[in-house]
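Student: Hi! I have a new structure open and would like to talk it through. Can we start?
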Number of protein chains: 2
Amino acid sequence: MRYAVLGGGKRLRPLLVLASCAAVGGERFAAIRAACAVELIHAYSLVHDDMPCMDDDVMRRGKPTTHVAFGEAQAMLAGDAMQALAFEVLTPDTGIAPALQARLCSLLARSAGHDGMAGGQAIDLASIGKQLDECTLRDMHRRKTGVLLQASVMMGAACGPASAQATKSLSDYGAALGLAFQVVDDILDVTQASEVLGKTAGKDQDANKPTYVSVLGLGAARALAQQLRAEAKAALAATGLADVSHLSLLADSVVERDN
Amino acid sequence: MRYAVLGGGKRLRPLLVLASCAAVGGERFAAIRAACAVELIHAYSLVHDDMPCMDDDVMRRGKPTTHVAFGEAQAMLAGDAMQALAFEVLTPDTGIAPALQARLCSLLARSAGHDGMAGGQAIDLASIGKQLDECTLRDMHRRKTGVLLQASVMMGAACGPASAQATKSLSDYGAALGLAFQVVDDILDVTQASEVLGKTAGKDQDANKPTYVSVLGLGAARALAQQLRAEAKAALAATGLADVSHLSLLADSVVERDN
């Protein structure tokens, strides 16, 4: 579990939780726990995705994947226990009001499960070798990647007293940013070397998976990423919150990243 | 997910939740959801345990295991999504007080994770071919099976206004029953045919796994099961609750079951 979650990574989801909490003036103790929980979910999903029965990848964050280092059975169990630990971290005996604990568990469970990350993965698997239209591709990526990124923003917002308008606009921001993240992922998969990515490049192409690049072409995918960044920033402006600078910078870093 | 969780089974954990809730006069709406959540966790663990990298079993509840029916990748994802769904079920928008939602999530997360079921599985895997003393064996089984059974009792109790004495005694009941369940499992693995069990018999013996039968012998294992039933019933008597008849019957059925 330590190897899988403490071995680096961009920590984008925890940063979104903390930036969103700061924007609404929320409780930092709760947000730190929410940040850990969402990263545990993300890290467990990578452990399972890399396994031979899924993407069969041997390299992640520049190191051997967890099942290569510890064996498949221990990797599967480590992933399982990391998902449970996420909910354990959200429900401490003291320090977070029970109602907030329940809200955070609700947001996380819904984004990780059948209508979110795991469901998106299942659609992804079923789509190998198929032609998808942009609408279906968008739904798959929304679930697979977007929903957990959006939930990160919402969990941060739940830690503070956000207005209905701010909550709605932060949700829009999270949705745009989540989709932008996946579009950029698809672009990097074909434009970057494995050494820069810290994982095997060109995997989606090799696996004949539909991606934004394969469906739209590289140029249109790049334009879509820029458009989504603009949408994310417009949503931030609509929150009415005084300081959304960190959230704005995170939108930039999602679109401008090179790994 | 439906195939894995709606395909039969004894439903022992849901019955424990509901019987415990009834004993303390708790809220039935919350208990029904807790019962579903704990069964989802149990069912997902069976899906993952049966996979080739773990126990590599092809038969469960008299049917092909989930990965045989749907493939390994879909089985792993279905299990992952079932764990998330358990926490989704515990956190509905209405109908359960937020503080109770948080308490139920806390109990379930701790029993499913590293210090409970998944951790016990990892110790189990690491113990193949090794000699374990009874103390280590007991700790492994407590985590692997006992903790989730005990949590089922505690989740039911959390749905009502249980006194500290009742809560403590119900916890003792759950611990004794959980251990009894595993002792009987080990006995059945060597005494019953696969057709009666609905799963492959003799697997533990074949895999050279330490069990209560291999460590204590069949006669002493049977005596231990009876002793644990007596301990469970003594704990029920100590609860001070008016009607613990269903919990008492469940202790009998755990020890007297033939599959």
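Student: How many salt bridges are there between chain A and chain B?

Tutor: The count between chain A and chain B is zero. Keep in mind that this is a predicted model.

Student: Okay, and how many residue pairs are in polar contact across the interface?

Tutor: Ten residue pairs are in polar contact across the interface of chain A and chain B.

Student: Which helices of chain A supply residues to that side?

Tutor: α3 (28-49), α5 (72-89), α6 (98-112) and α7 (117-126) of chain A each bring at least two residues to the side that touches chain B. Of these, α5(A) gives the most, with twelve residues.

Student: How do the residues on that side divide into nonpolar, polar and charged?

Tutor: On the side of chain A that touches chain B, 22 are nonpolar, nine are polar and four are charged.

Student: New topic: what area is buried between the two chains?

Tutor: About 3,100 Å² is buried between chain A and chain B, and carbon and sulfur atoms give 68% of that. A:M76, A:L77 and A:E88 supply 18% of the area that chain A buries against chain B, more than any other three residues.

Technical notes. Residues numbered from 1 in each chain as written. Chains lettered and ligands numbered in written order. Predicted model: local features only at pLDDT ≥ 70, side-chain atom pairs only at ≥ 80, totals over all residues. Heavy atoms only, no water. Buried area = accessible area lost by both parts, 1.4 Å probe. Salt bridge = Lys/Arg side-chain N within 4 Å of Asp/Glu carboxyl O. Polar contact = N/O pair within 3.5 Å; in protein donor to acceptor, adjacent residues only side chain to side chain. Helix = DSSP H or I, 4+ residues; strand = E, 2+ residues; numbered from the N terminus. Nonpolar A, V, L, I, M, F, W, Y, C, P; charged D, E, K, R; others polar.
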